[in-house]
Structure formats: C-alpha cells, structure tokens
Amino acid sequence: MQQSNTYIIIFTLLMTIFFGTLLSFTRMQLGPIQKVQVEIDTKKKILGAVMEISSLTPDEILSLYDKKMTSMVLDISGNEILSNDGESIIAEEVNIQKNYKINKKARKYPVFMFSEDGSSIDYYIFPMFGNGLWDWISGFIALDKELNKVVGVAFDHKAETPGLGARISSDEIQDRYKGKEIFDAQGNLISIKMLKKENNSELSIHEVDGMSGATITANGLNDMMKNYLDCYLPFILKNKKLEETLISYNE
C-alpha cells in the first residue's frame, strides 16, 4: 500500500511538472503572436473610426497606421505624460479597461491623431470604456480638427443581446453619429445622446436615434461617451483654442 501511494505521488508530481512546462512553453511561443493580434485589433478599431478598412489585410492596416497616425498619453488635466516610473508610455499599449477601474484622476488617457498628408492633424480619436446591459462596452470617437463634429465612431461590446444592444457595433448604428456635434452654440460640452426609440421625427445636432429594446445599452453608451469626453475636455479646449488662433492668424 505504501508503494502504491508513493507511485501515485511521484506520478502526479511528474505529470504536474510535465504539463506545467508544456503550458509555459506554449505560452512563451504564443505570446508574441497574441501581442501582434492585439496590436492589429487595436489599430484596426482606431483607423475604423475615421475610414473604411474592412478590405485591408493585417499588414496593410499596420502600414497605414504607421503612415497616418501619431499618438500621445494625457493626464486628467490634458497634459502629456511622457513616462511612468522612468519607462516611456505608449498610447497604443494603455489598457483602457484596466484604467476604467481606477479613479479617473489617476487614469492615463490615450489620444490618437490622424493626418492625411503628415503636415497637420485632420482628426482626433479618443478611446472610451463603460458598462452595457450584461458586461463592458467600449469605443473610439473621432472628431474633426475643430474638435466638435463627429467624423466617425467604432463601438464594441462583450455580451450585449444579439439583435438589440449588440447593434452598437453595426455600421447602421455607428453611421448615425457622423456629423453630430459635442458642443452647443455657447461652447458648452453637450456630448451626444442616443434616444430611447428609433425613427424619431426630429433630432438635434446632439441626438441620434435609439435602438428598440435596448434602452439600458443606449444609456450605457450615453454615459460612456459623456464621461470620457468630460475627462478629455481640458485637452480638447486647449487644442480648440490653438486651432482658433491658427485660423485667425491665417485669415
């Protein structure tokens, strides 16, 4: 009986070491591949907020991103953060989901800039994160160089109801945001509100049609957009003032 127990213990120990080593080796081999896939997915969503990229290959997406995009990381006051504990901060590697779980004053806020010809910024793209009906929702909102009019959005979700809240990731819903404005005539941040129902007869420049049967998802979307635009507001106002100064100078 003693030999039997010893055999079982040794066998279990050897199997644990074997499979542990195998899993560790597999993780090491797949790690770089997974990192590249995450990079492609992130850059695809960022570019997708300002242009049609569905026909592009992963290599074309990465190449286009390198040519058209620049980025930075901000604090809550809209100031650029260049390093953290001596290490350079890369905007594309900031985990928005993890940042969402900490106090907004301590978060890092990436911002991405699109330039068609490399000489000036055409669009500003801001990431967002929030809660839907069942789990998280996220997105990117692209604003024109005046930082007011929406050029495009790219929404995503984890577990919204198919055919209802999950529609936020469809072109049908996302196209509704194009041309809308986040500031009113007095310069106050209004954001953009998704209404409770669809096919509304009148929509303001700050409103879009809702999604039937998905009020909670719509509310989550509204809260997410307003919360993050509030956080980016200091940066937006600084750059709006700079843009207005440049326009006046050129005139």
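Before going on, a word about the model: it is predicted, so local features need pLDDT of at least 70 and side-chain atom pairs count only at pLDDT 80 or more, while totals for chains, interfaces and linings use all residues. Residues are numbered from 1 along each chain as its sequence is written, and side-chain values use heavy atoms, with hydrogens and water left out.

**The overall fold**

The protein chain has five helices and nine strands. Both are DSSP runs numbered from the N terminus: helices are H or I with at least four residues, strands are E with at least two. Along the sequence, the pattern is α-α-β-β-β-α-β-β-β-β-α-β-β-α. Of the chain's 251 residues, 39% count as buried. Buried means under 20% relative accessible area, exposed means over 50%, and partly exposed lies in between (1.4 Å probe, protein chains only).

**Two pockets**

A pocket is found on a 1 Å grid over the protein atoms alone: it is an open set of points with protein on both sides within 12 Å along at least five of seven lines, and its lining residues have an atom within 4 Å of a point. Grid points are joined across faces, edges and corners, and a volume is the space filled by probe spheres set on the points.

The largest pocket has a volume of about 710 Å³. Its lining has 27 residues, with Val 38, Thr 42, Glu 92, Val 94 and Asn 95 nearest the centre. Which helix or strand gives the largest share of this lining? That is H1, with eight residues.

The second largest pocket holds about 500 Å³ of space. Among the 21 residues lining this pocket, Gly 48, Val 153, Ala 154, Asp 171 and Gln 174 are the closest to its centre. Here S7 gives the most, six residues.

By class, the lining of the largest pocket has 14 nonpolar, five polar and eight charged residues. For the second largest pocket, the lining has eight nonpolar, five polar and eight charged. In this sorting, Ala, Val, Leu, Ile, Met, Phe, Trp, Tyr, Cys and Pro are nonpolar, Asp, Glu, Lys and Arg are charged, and the others, Gly among them, are polar.

**Salt bridges**

Side chains of opposite charge can pair when their charged atoms come close. A salt bridge here is a side-chain nitrogen of Lys or Arg within 4 Å of a carboxyl oxygen of Asp or Glu. By this rule there are eleven, including these:

| Pair | N to O distance |
|---|---|
| Lys 43 and Glu 39 | 2.7 Å |
| Asp 41 and Lys 45 | 3.2 Å |
| Glu 172 and Arg 176 | 3.2 Å |

Lys 43 and Glu 39 are four residues apart in helix H1, so about one helical turn separates them. Lys 43 counts as buried, at 9% relative accessibility, whereas Glu 39 is partly exposed at 33%. Asp 41 and Lys 45 are also four residues apart in H1.

Glu 172 is partly exposed, at 44% relative accessibility. Salt bridges with shared partners link Arg 167, Glu 172, Arg 176 and Glu 198 into one network.

Notes: On a 1 Å grid over the protein atoms alone, a cavity is a set of points where a 1.4 Å probe fits but cannot get out, and a pocket is an open set with protein on both sides within 12 Å along at least five of seven lines; lining residues have an atom within 4 Å of a point.
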